[in-house]
Amino acid sequence: MADLVSGLLAGLMAAQTAQHEGNRSSITRSNSTGATPKTFKGRLRIDNFTSMDPQLNLYPDDAVTGYTTGVLSNWVIPCAYIVAMLVGIPSNAYILAFLRVRMRAKSLSTVILYLNLALSDLLLLLSLALRVHYHFNGNDWIFGETSCRLITALFYGNVYCSAQTIACISLKRYLAVARPFLYRRLAKTALAMWMCLIVWILFVAAIVPELLVRQSYHIIQLGVTTCHDVLPIEVDSYRVMVQYRLVLVCLGFMIPFLICIYAHLAVIFHLGQSGCDWRPFIRVSSLVFIIFVICFLPSSVLHMAHYIRLFSNGDDHLYEYYRVAVCLCCFHSCLDPFLCLLISKTATSELQFIPLRGIPQRLAIMMCN
């Protein structure tokens, strides 16, 4: 499965590179200044500028034109979104129904975290529907400014939310294995609820900027209205948000990623020291971790690098690579239900019947659940 996702990433990046090279020779570079978070840079048409004008115009440069008219954004990205939606929406809906049956089980804290993960994944996948139409329509947004802000906010907010929830699940597993006596004293249900509350607070912090600033602009030379992909640097609100979103990248991606790395390595180490045969659980847990790394690391690195280049010299050419990497986050959202069932099956059907010598059996079963 990890090889499949890696191959998909390589194919998407190859398609993007071919598109970029093909457009470079046929497009004349226009003069523009500055850049904006998570987007290409756009030069505002000053004679048309008023804060309430619904027809604000931007002039594109060659990177904007190449991305907007190329096969990557018009076919590859929306097709990837459709596959993620077809697999992820019914599977996450099933997980929500399946976990509700287990709400009265002893592992209530784990159920709460997985419910939170399924909910954020489902919201992320549902937010892709209008973006699929947007890309197939030649990157021309026809649904209005309000819906553009809402879809953009839901998309990025739930990407952060999914990564943070996975970090919470990893942290809980780490406490159960590496700090068992502390874990037994904790109010686990209350801990899980507080974790989910913190995740949704960060979700709100992530979506507020997207809801407050204008996201859709008309591109004069292309005759399309983009949604979030091109924003003007001349407006002060976009400049201020660069630093704010750099902080969000750290809180939403980098810190959860580091937590997952540390928790996974610590769990593997402590299980290896227990003297028990934990190989089935370790293999499944490692598969889950590898898929998390493949899906989230490229977008995290490109996200951070894109912001740093925007902040330092206004270079926006990493944005199209970042959009490709974000597709992998969507695929992780559709894989989460299957990984949840896989690790649950491994824990309940194999590990809890293994004679445990290094870890109390009751504690081991509690950790697996």
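Biologist: His 228: buried or exposed?
Modeller: The model is predicted: local features need pLDDT of at least 70, side-chain atom pairs count only at pLDDT 80 or more, and totals for chains, interfaces and linings use all residues. Residues are numbered from 1 along each chain as its sequence is written, and side-chain values use heavy atoms, with hydrogens and water left out. Buried means under 20% relative accessible area, exposed over 50%, and partly exposed in between (1.4 Å probe, protein chains only). His 228 has a relative accessible area of 1%, so His 228 is buried.

Biologist: Where does His 228 sit?
Modeller: Helices (H or I, at least four residues) and strands (E, at least two) are DSSP runs, numbered from the N terminus. Strand S4 covers 224-227 and strand S5 covers 230-232. His 228 falls in the loop between S4 and S5.

Biologist: What is the phi of His 228 near?
Modeller: Most residues other than glycine have a negative phi. His 228 is not glycine, yet its phi is positive. The value is near 75°.

Biologist: Which loop holds Asn 139, and what is its phi near?
Modeller: Asn 139 lies in the loop between H5 and H6. Its relative accessible area is 0%, so Asn 139 is buried. Its phi is positive, in a residue other than glycine, and near 60°.

Biologist: Gly 138 is in the loop between H5 and H6. Which residues does Gly 138 contact beyond four places in sequence?
Modeller: At 22% relative accessibility, Gly 138 counts as partly exposed. The C-alpha atoms of Gly 138 and Trp 75 are 63 residues apart along the chain and separated by 9.3 Å. Contact means heavy atoms within 4.5 Å. Leaving aside neighbours within four places, the partners of Gly 138 are Thr 68, Asn 74 and Val 224.

Biologist: What is the angle between H6 and H10?
Modeller: Axes are lines fitted to C-alpha atoms, for helices over the stretch in contact, and angles run from 0 to 180 degrees between N-to-C directions. H6 spans residues 145-178 and H10 spans 279-313. Their axes are 12 Å apart, and the packing angle is about 145°.

Biologist: Which hand does the crossing of H6 and H10 have?
Modeller: A crossing is left-handed if the near helix is turned anticlockwise from the far one by less than a right angle, and right-handed if clockwise. H6 passes H10 in a crossing that is left-handed.
The residues of this contact are sorted by class: Ala, Val, Leu, Ile, Met, Phe, Trp, Tyr, Cys and Pro count as nonpolar, Asp, Glu, Lys and Arg as charged, and the others, Gly among them, as polar. The contact of H6 with H10 has seven nonpolar residues, two polar and one charged, but the hand asked for is left-handed.

Biologist: Which H10 residues meet H6?
Modeller: The H6 side supplies Val 159, Tyr 160, Ser 162, Ala 163, Ile 166 and Arg 173. Facing them in H10 are Phe 281, Phe 292, Phe 296 and His 303.

Biologist: Which residues does Leu 117 contact beyond four places in sequence?
Modeller: Leu 117 lies in helix H4 and is buried, at 5% relative accessibility. Its C-alpha is 7.8 Å from that of Cys 161, 44 residues apart in sequence. Beyond four places in sequence, Leu 117 contacts Ser 162, Thr 165, Ile 166, Ile 169 and Asp 336.

Biologist: How far is the backbone oxygen of Leu 124 from a polar atom of the Ser 127 side chain?
Modeller: Ser 127 sits in the loop between H4 (108-126) and H5 (128-136). At 2% relative accessibility, Ser 127 is buried, and Ser 127 touches Ile 151, Leu 154 and Phe 155, not counting residues up to four places away in sequence. The distance from the backbone oxygen of Leu 124 to the Ser 127 side-chain polar atom is 2.5 Å.

Biologist: Which residues does His 264 touch beyond four places in sequence?
Modeller: His 264 belongs to helix H9. At 12% relative accessibility, His 264 counts as buried. Beyond four places in sequence, His 264 touches Ser 285, Ser 286 and Phe 289.

Biologist: How far apart in space are Cys 250 and Ser 300, C-alpha to C-alpha?
Modeller: Cys 250 lies in helix H9 (residues 236-272). Cys 250 is partly exposed, at 31%. Cys 250 and Ser 300 are 50 residues apart in sequence, and their C-alpha separation is 8.9 Å.

Biologist: What share of the residues in the protein chain is buried?
Modeller: The secondary structure of the chain comes to twelve helices and five strands. The chain has 369 residues, and the buried share is 55%.

Note on methods. Polar contact = N/O pair within 3.5 Å; in protein donor to acceptor, adjacent residues only side chain to side chain.
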